[in-house]
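Here is a friendly briefing on charged side-chain pairs. Have the sequence and the model open as you read.

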Amino acid sequence: MEIQSNFSLKNYNTFGIEAKAKQFVAVHSVAELKTILEAHKNEKKFILGGGSNMLLTKDVDALVIHIDLKGKEIIKEDDDYVWVESQAGETWHDFVLWTIDNNFGGLENMSLIPGNVGTTPVQNIGAYGTEIKDTFVSCEAINIESQEIKTFNNTECNFGYRESIFKNEVKDQYIITSVIYKLTKRNHKINTSYGDITAELAKNNVASPTLKDVSNAVIAIRQSKLPDPKELGNSGSFFKNPILLKSDFEKIHQKFPEMKYYEVSETEVKVPAGWLIEQAGFKGKRFGDAGVHKNQALVLVNYGNATGQEILAVSRDVQKTVFETFGIHIEAEVNVI
């Protein structure tokens with residue numbers, strides 16, 4: 001393990017922001033991770049996964065530890081289900097494609113989400129009607145201070161909408177090293193409830209979709225709306241879709257009857273943040289090298305040499321204008337560093 005100083009993080013964050021790490025090291029096993037944590041016990045540390053859910057607004061004055069643990073395996077199975085363990089450094093989309101190639105169901109609706117496996121429980125990532133909590137069994141995580149390994153089961157993770165214990169109660173205390181998912185081997189629960197997927201399948205004359213069909217539809221939809229981070233710096237959806245009490249939403253809906261929404265419970269509705277941002281006039285707007293994507297207003301982009309501060313300024317302008325227009329606050333989904 002080589003520790004490098006004054007290390008550029010431009011290729012380690014999907015926004016492509018130029019920022020320097022005071023020190024940088026990549027770890028490829030739990031043993032290496034333990035060694036680094038022990039040796040740098042009293043130093044500031046910054047844990048880096050796939051770099052897909054963060055906005056770097058400054059240099060990182062810490063030891064950046066890049067989690068590059070690889071490997072995946074079947075650890076248990078019966079006639080109906082398979083339990084698959086993936087190491088934290090596996091690329092999420094590659095892992096999803098591997099499950100589909102093996103006809104394991106449950107993750108297909110989350111195809112092409114950027115990032116690594118280890119960060120999926122942190123955000124409780126989700127797309128098109130599914131979330132990690134639906135298939136998540138447990139994860140192993142190492143305590144940064146004590147180096148003890150702890151297993152967190154589904155209940156203990158306190159999953160919510162883009163929320164978990166790792167973003168709240170134990171934030172910055174653990175590093176996830178591996179994750180176990182329980183997937184179907186047969187009688188797959190194909191979820192095509194979202195209109196975009198239904199339309200894409202119909203366009204391809206698919207009447208009885210397989211896991212691969214759903215995955216291909218999701219990939220096509222995402223590619224049509226979302227820019228490839230390798231070509232245009234971004235972190236996917238920058239904002240969460242706000243969830244409002246029905247009583248509050250109804251007052252707003254009276255003023256804006258065309259506002260889209262989805263019921264999430266008897267008392268709450270979800271409003272698409274992309275619709276709010278688009279109606280506020282930001283879709284496709286550019287401010288120097290920072291801007292809002294032309295196809296999906298949820299996505300902020302770096303057209304080349306934007307700084308993290310410039311992208312952050314755009315995000316705050318979006319939040320302010322949406323609140324002034326609709327009285328709805330939209331929260332950033334991305335971690336601002």
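What follows covers the salt bridges, pair by pair.

This is a predicted model, in which local features need pLDDT of at least 70, side-chain atom pairs count only at pLDDT 80 or more, and totals for chains, interfaces and linings use all residues. Residues are numbered from 1 along each chain as its sequence is written, and side-chain values use heavy atoms, with hydrogens and water left out.

**Overall count**
- A salt bridge here is a side-chain nitrogen of Lys or Arg within 4 Å of a carboxyl oxygen of Asp or Glu, and the count comes to 20 salt bridges.

**Lys41 and Glu38**
- The side chains of Lys41 and Glu38 form a salt bridge at 3.7 Å, N to O.
- Lys41 is partly exposed at 33% relative accessible area (buried means under 20%, exposed over 50%, partly exposed in between, with a 1.4 Å probe and protein chains only).
- Glu38 is partly exposed too, at 44%.

**Asp80 and Arg186**
- In the salt bridge between Asp80 and Arg186, the closest N and O atoms are 2.6 Å apart.
- This pair links distant parts of the chain, 106 residues apart.
- Asp80 is partly exposed at 28% relative accessibility, and Arg186 is partly exposed at 45%.

**Lys240 and Glu163**
- Lys240 pairs with Glu163 in a salt bridge whose closest N and O atoms are 2.9 Å apart.
- The two residues lie in loops, so the pair ties together parts that are 77 residues apart in sequence.
- Lys240 is buried at 8% relative accessible area, whereas Glu163 is partly exposed at 24%.

Definitions and conventions:
Helices (H or I, at least four residues) and strands (E, at least two) are DSSP runs, numbered from the N terminus.
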